[in-house]
Amino acid sequence: MESDEAAAAASPQGSGGTVTPAPKKRGRKPKIKEDSQTKEQSGKESGGKKTKQSVDEKYTQWKGLVPILYDWLANHNLVWPSLSCRWGPQLDQATYKNRQRLYLSEQTDGSVPNTLVIANCEVVKPRVAAAEHISQFNEEARSPFVKKYKTIIHPGEVNRIRELPQNSKIIATHTDSPDVLIWDVETQPNRHAVLGAATSRPDLILTGHQDNAEFALAMCPTEPFVLSGGKDKSVVLWSIQDHITTVGTDSKSSGSIIKQTGEGGDKTESPSVAPRGVYHGHDDTVEDVAFSPTSAQEFCSVGDDSCLILWDARTGTSPVTKVEKAHDADLHCVDWNPHDDNLILTGSADNTVRLYDRRNLTSNGVGTPIYKFEGHRAAVLCVQWCPDKSSVFGSSAEDGLLNIWDYDRVSKKSDRAAKSPAGLFFQHAGHRDKVVDFHWNAADPWTIVSVSDDCETTGGGGTLQIWRMSDLIYRPEEEVLAELETFKSHVMTCASKP
């Protein structure tokens, strides 16, 4: 194993062959691959060459700023697109880096099976990586910081991954089916993904949807509860409490922490769990769900009916509050602030992110957002609050950008930043196509993993990036100025010497 110093200074080497998979739109099946002649013709008709050129120019400009903007960045080229990426448990710590699990998927075109990938990621600690190193990556290469640890052959596409907060070795996945699949990733056997290979067997199957549930999925921060939404316009709640032998994090345990009980008695079947409740109130597909940070009984959901709905399992299966028109188009994502249970974020196909205070939502569904964040030029696909600061959150969109916002800065907007949207203080532009998912790292402050589907723009599979902005960007201004003043004095002293 290479030393910490070598790993921190290593430059990504080697490259993998790129395979062009069929592109997939959110909520739609992959398109059939076109032959080269058809693709060339369609490119000419749509001005594809011009689009490609502008994307590359913008990307080149961003890459030149990497040493200034980032404390660390790792770029990992994917053969296949991934629609979800999540941090798992931290495994160990060393002098210059930490090792942590990373969950992602491989969304294939059918020539090989779809897979759920468990990787080990080496996260370089703050102020360790050299500026020249983080800028000298090869877009076509695999990063030495990301190593595949285990492959699970998934029964269908992996549209969404969520980890259980009480034990992040247990994850839930959504696929193109009504069921939610539960996996104990440590005890699942490692599989070789070749055409014709049998799929891996989930540890649990959560049943209750009447139609496909593809994207809306959440795990409860306070209890082992799972929440899902689907095309059947319903929100479904399960408890997996009785199926977990322990919620501890003992990595030495060799057996699965999920009890093999339920309806599926023999070893060829996975046990299934029926729902605690099915909640009706949406008039179209439910696109995302989120639990309250303080109560397993309270949750919210958003959907293609433009509605934001708040639910309370203690009061029945009808909405507590329904905001009829939370946005001007479909809602794709929602997140509940872990630091303040009154604040809820929503993202939409109308290109905006809106911040709601649930105390301002009345029983007749009338509600005005506290603020509307306008900085994306395409549909917002994912929003998430930062675990490290209560007013900070991220949003990713089909415009290829991952924006970092601070609500506290909205009222403090200065003349210097007049050209940028209020509250926007960092823009990650390292992806060249739609950023389908990202996840803040709770174990490593201000570190983010993000993934893009690069099929349509670059003809590639996907790009996984792990990055941390420079702390000079998010730290208090007076603190940063004091540090820079010290640095200035040091430089002046050195310069004055003969």
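Me: What makes the pairing of the side chains of arginine 358 and glutamate 298 a polar contact?
Reply: In this predicted model, the two side chains approach to 2.9 Å. A polar contact needs a pair of N or O atoms within 3.5 Å, one able to donate a hydrogen and the other to accept it. The value of 2.9 Å falls within that limit, so the pair is called a polar contact.

Me: Where is arginine 358, and which residues is it in contact with, leaving aside its neighbours within four places in sequence?
Reply: Arginine 358 sits in the loop between strand 21 (352-357) and strand 22 (371-374). Apart from those neighbours, it is in contact with Glu298, Leu310, Trp336, Asp341 and Asn342.

Me: Why is aspartate 312 called buried?
Reply: Its relative accessibility is 11%. Buried means under 20%, so aspartate 312 counts as buried. Aspartate 312 belongs to strand 17 (residues 308-312).

Me: What does aspartate 312 touch, not counting residues up to four places away in sequence?
Reply: Aspartate 312 touches Gln297, Glu298 and Val320. Glu298 is also the residue whose side chain makes the polar contact with arginine 358. Within its own stretch of sequence, the side chain of aspartate 312 is joined to that of arginine 314 by a polar contact of 2.9 Å.

Me: How far apart are aspartate 312 and phenylalanine 299, in sequence and in space?
Reply: They are 13 residues apart in sequence, and their C-alpha atoms are 6.6 Å apart.

Me: How do you know that histidine 332 is buried?
Reply: Histidine 332 has 8% relative accessibility. The cut-off is under 20%, so histidine 332 counts as buried. It is placed in strand 19. A polar atom of its side chain lies 3.1 Å from the backbone oxygen of valine 380.

Me: How much space lies in the largest pocket, and which residues are closest to its centre?
Reply: The largest pocket holds about 950 Å³. Of its 45 lining residues, Arg86, Glu163, Asp335, Gln384 and His439 are the closest to the centre. Among the elements that give two or more residues to the lining are strand 19 (331-336) and strand 23 (380-385). The lining divides into 26 nonpolar, 12 polar and 7 charged residues.

Me: What share of the protein chain counts as buried, and how many helices and strands are there?
Reply: Of the 498 residues, 55% count as buried. The chain has 7 helices and 29 strands.

Conventions:
Residues numbered from 1 in each chain as written. Predicted model: local features only at pLDDT ≥ 70, side-chain atom pairs only at ≥ 80, totals over all residues. Heavy atoms only, no water. 1 Å grid on protein atoms, 1.4 Å probe; cavity = no way out; pocket = protein on both sides within 12 Å on 5 of 7 lines; lining within 4 Å. Points joined across faces, edges and corners; volume = space filled by probe spheres on them. Nonpolar A, V, L, I, M, F, W, Y, C, P; charged D, E, K, R; others polar. Buried < 20%, exposed > 50% of the residue type's maximum accessible area, 1.4 Å probe, protein only. Contact = heavy atoms within 4.5 Å.
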